[in-house]
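Visitor: Hi, I'm new to this one. Can you walk me through what I'm looking at?
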Amino acid sequence: SADAAWMTFRHRDGYTRVTDMAWSPCGRHLAVGYASSDRAVVWDAVSGQGRELDSFLPLAWLGASAGGVRFVRWASAGNMVAVCLSNARLLCLYETLTWTRHAHRTEGTLHDASFSPNGRYILGAANTRSSGSVWCYPLQARAPATRVSRGYKVQLWKTASGTSPPIRALAWSPTGERLAVVFATPLPPDDSPPAD
């Protein structure tokens, strides 16, 4: 019956405690991150099959776990998926056509990432113990793949001490003209924004 078809349960042995998930723009695939694994899984909602994305850290020989997946993000064009581990200083981008992986190091632990609405950039928010930074990775579409350029740090804000506070979240506006940033700590009163 139609009532019975609205819900389907998917499970993969060894994968527990979902930390984040994101639908592909077409609505067929669901990327899921788990606390119990350093690999994300992309589920096909039609066939019910799950595909593990290659682990992007050689953790077996390091003898450590990166603490599971912190977040997954899908580009609005559906051509890329971003995955970040909880305890890693690495942003991993997968091209969805070939599942080719591009790994990029940052100077701090990644807390959030956001693809630009036009698909030309992805920003990653990385924090050290006392400061935060935003990394920008230009994405250049070339058939049949997307080239990911080397990232560079973007200066958003400096406090009187000369650093930017840690960042909790960031989001592009739908037009891509604005970026909202949530800092993890309040800005001191003497660090008011510059006047226009």
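Visitor: How many bridges pair strand β2 with strand β3, and in which sense?

Guide: Strand β2 (residues 29–34) and strand β3 (residues 41–44) are joined by four bridges, in the antiparallel sense. Pairing here requires at least two bridges found by DSSP between two strands, and strands are DSSP runs (E, at least two residues), numbered from the N terminus. Bear in mind that this is a predicted model, where local features need pLDDT of at least 70, side-chain atom pairs count only at pLDDT 80 or more, and totals for chains, interfaces and linings use all residues. Residues are numbered from 1 along each chain as its sequence is written, and side-chain values use heavy atoms, leaving out hydrogens and water.

Visitor: Which residue in β3 stands opposite L30?

Guide: That's W43.

Visitor: What order do the strands of that sheet come in?

Guide: The order is β1-β2-β3-β4, an open sheet of four strands with antiparallel pairing. β1 (18–23) and β4 (50–52) each have a single partner strand, so one side of each has no neighbour in the sheet. The twist from one strand to the next averages 25 degrees, with axes fitted as lines to C-alpha atoms and angles running from 0 to 180 degrees between N-to-C directions.

Visitor: Switching topic: what about β5-β6-β7-β8?

Guide: Those four strands form an open sheet in that order, with antiparallel pairing. At its edges are β5 (69–74) and β8 (101–105), each pairing on one side only. Neighbouring strands in this sheet are turned by 20 degrees against each other on average, ignoring direction.

Visitor: And how many bridges join β7 to β8?

Guide: Five bridges, linking β7 (residues 90–95) to β8 in antiparallel fashion. For instance, L93 has H102 in β8 as its bridge partner.
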